[in-house]
Amino acid sequence: MALDYEKIWEDAKGILKEQIPASTFEPWIMPIVPVKCDEEHFKKDCFILKSDQAFGVNYLYRNQNYFEKIQDAIDNVAGQNLPVSIIFVPSNVKKAPKKKEKPSEQIVLMKEQIDNLKQMHSFCALNLKYTFENFVVGENSLVAYNAAKQVSEAPGQKFNPLFISGSVGIGKTHLMQAIGHNILKNFPDLKVKYAKAEEFTNQLIESCQKGADSYQKMKKFRDRYRNVDVLLLDDIQFAEGKKRTEEEIFNTFDALFHAGKQIVFASDRPISSFKNTPDRLKSRYEWGLMVDLLVPDFDTRVEIIKKHSVRSNFEITDEVAEFLAKTYDNNVRELEGAYNKVSAYASIKGIELTVESAKDILGLKDGAKKITPDIIIEKSAEYFNVSKKDILSTTRAKEVKNARQAAIYLTREILDLSFPSIGEIFNKNHTTILYSYEKLKKDLATDKTLQNSIKELTTLLNQI
Ligand code: ADP
Ligand code: MG
């Protein structure tokens, strides 16, 4: 399902209109329109806005508060984090002719600006929200937080590498990017690079392709990762067992480390589970300081919601905050997702947010056990007579595929999780998840047996 950028921006504007004075809203926000990011020349999972008002763009960026409000409104409406950039595109630039292989003049210009922005603020690479100030420290994160803070105050001099581990949705990326922000703030001349291991791998594969310019391509890749002062490499569990990627990580690490540059790694799994990683790389990972983020306790979860509510300028009662913190107890991303959903819904519909209305919006019935991705996988496995392990594997046997597709579809429909989060649960790339979801949705229109299975499974899940 492609994102409906127009609709998201329309709804986001509705929220912003309430939060931003008309003297800023009318001249600077109104002329902004979204750029379709799913076009091939842009990075996916970004939300790029354009305006033909140079001053306005500048103004919104300089007043971080406004920019953050725009980012929050878009995240709230989209129900997922979509890093926002606002670019200036003069209105006299010619429109792209329809069928054309080469990127149009306009696209080249916009791409250049996005690259410049990335260079200036690391936009799209660093999320502006992921700062130390926005991170709520609890007992679960105290050690990791302090280590991250120290690294950001003296990059390359302490704890190198810093290795952050912890389960999914618990703040690893947030903390890692906070290091990046603080370094850029304290040492504006340093070059900070943030990347996920998946992106690293894909770029490496692209650079390895044979051709006349293969040497140049490889050089460019290496420059990108070695010509930096700080490398933040996220989700390195993705690289496990990928020989070429791990070799490149190893060499990149050595090059940076010997030059006194700071490296930070993050992983969903502890190193001890990296069975297919060569020992020499494992020892590099373990070389510096390893910190573990744990699930935040109840009070910290309540505080996270409150902080979020202050930032997004949406009042939430203690009762509702506590209800959410109690219901979503092991994943901050899900907790935030639930908060985003209830607050966006309540403000768009103009209803009062109470525990009852929150339950309604989230589809949680009283006394009912909460449906989780794990329960959906379990029930789908039972229904199709396969095992949970099969569903999470890469097996393409017909029954397993059916069960997997049904589980993916129901996870999206019932829990409304974003495709990247579903990808993490099912060990798949988010485009694979999107494809699987779309395929089942299409088949549902015509396939009676499938309609029946989904209906029965939904009933089973509702009985839990
Ligand atoms: P991970 O990388 O561990 O999967 P993220 O860093 O992406 O998790 O965190 C998921 C979401 O939860 C983010 O939006 C992040 O800002 C938020 N979050 C996690 N921990 C905290 C915290 N301690 N304080 C504030 N927000 C948090
Ligand atoms: Mg992460």
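## The shell around ligand 1

Helix 7 (172-186) and helix 14 (332-349) each contribute at least two residues to the shell around ligand 1, where helices (H or I, at least four residues) and strands (E, at least two) are DSSP runs numbered from the N terminus. This is a predicted model, in which local features need pLDDT of at least 70 and side-chain atom pairs count only at pLDDT 80 or more, whereas totals for chains, interfaces and linings use all residues. Residues are numbered from 1 along each chain as its sequence is written, chains are lettered from A and ligands numbered from 1 in the order in which they are written, and side-chain values use heavy atoms, with hydrogens and water left out.

Ligand 1 is surrounded by 16 residues, of which the closest are Gly169, Lys172, Thr173, His174 and Glu336; a residue is near a molecule if one of its heavy atoms lies within 4 Å of it. The shell divides into 7 nonpolar, 6 polar and 3 charged residues, with Ala, Val, Leu, Ile, Met, Phe, Trp, Tyr, Cys and Pro counted as nonpolar, Asp, Glu, Lys and Arg as charged, and the others, Gly among them, as polar.

## Polar approaches to the ligand

Oxygen atoms of ligand 1 lie 2.7 Å from a polar side-chain atom of His174, 2.8 Å from one of Glu336 and 3.4 Å from one of Tyr130. Taken alone, ligand 1 exposes 560 Å², and the protein buries 93% of that (Shrake-Rupley method, 1.4 Å probe).

## Asp268 and Lys172

Asp268 is placed in the loop between strand 7 (262-267) and helix 11 (279-285). Its side chain makes a polar contact with the side chain of Lys172 at 3.1 Å, a polar contact being a pair of N or O atoms within 3.5 Å, of which, within protein, one must be able to donate a hydrogen and the other to accept it, while residues adjacent in sequence count only if both atoms are side-chain atoms.

## Nonpolar cores

The largest nonpolar core has 27 residues, and those with the most contacts inside it are Ile391, Tyr409, Leu410, Phe426 and Ile454; such a core is a set of buried Ala, Val, Leu, Ile, Met, Phe, Trp, Tyr and Cys residues joined through side-chain atoms within 4.5 Å, and buried means under 20% relative accessible area (1.4 Å probe, protein chains only). Helix 18 gives the most to this core, with 7 residues.

Conventions: Buried means under 20% relative accessible area, exposed over 50%, partly exposed in between (1.4 Å probe, protein chains only).
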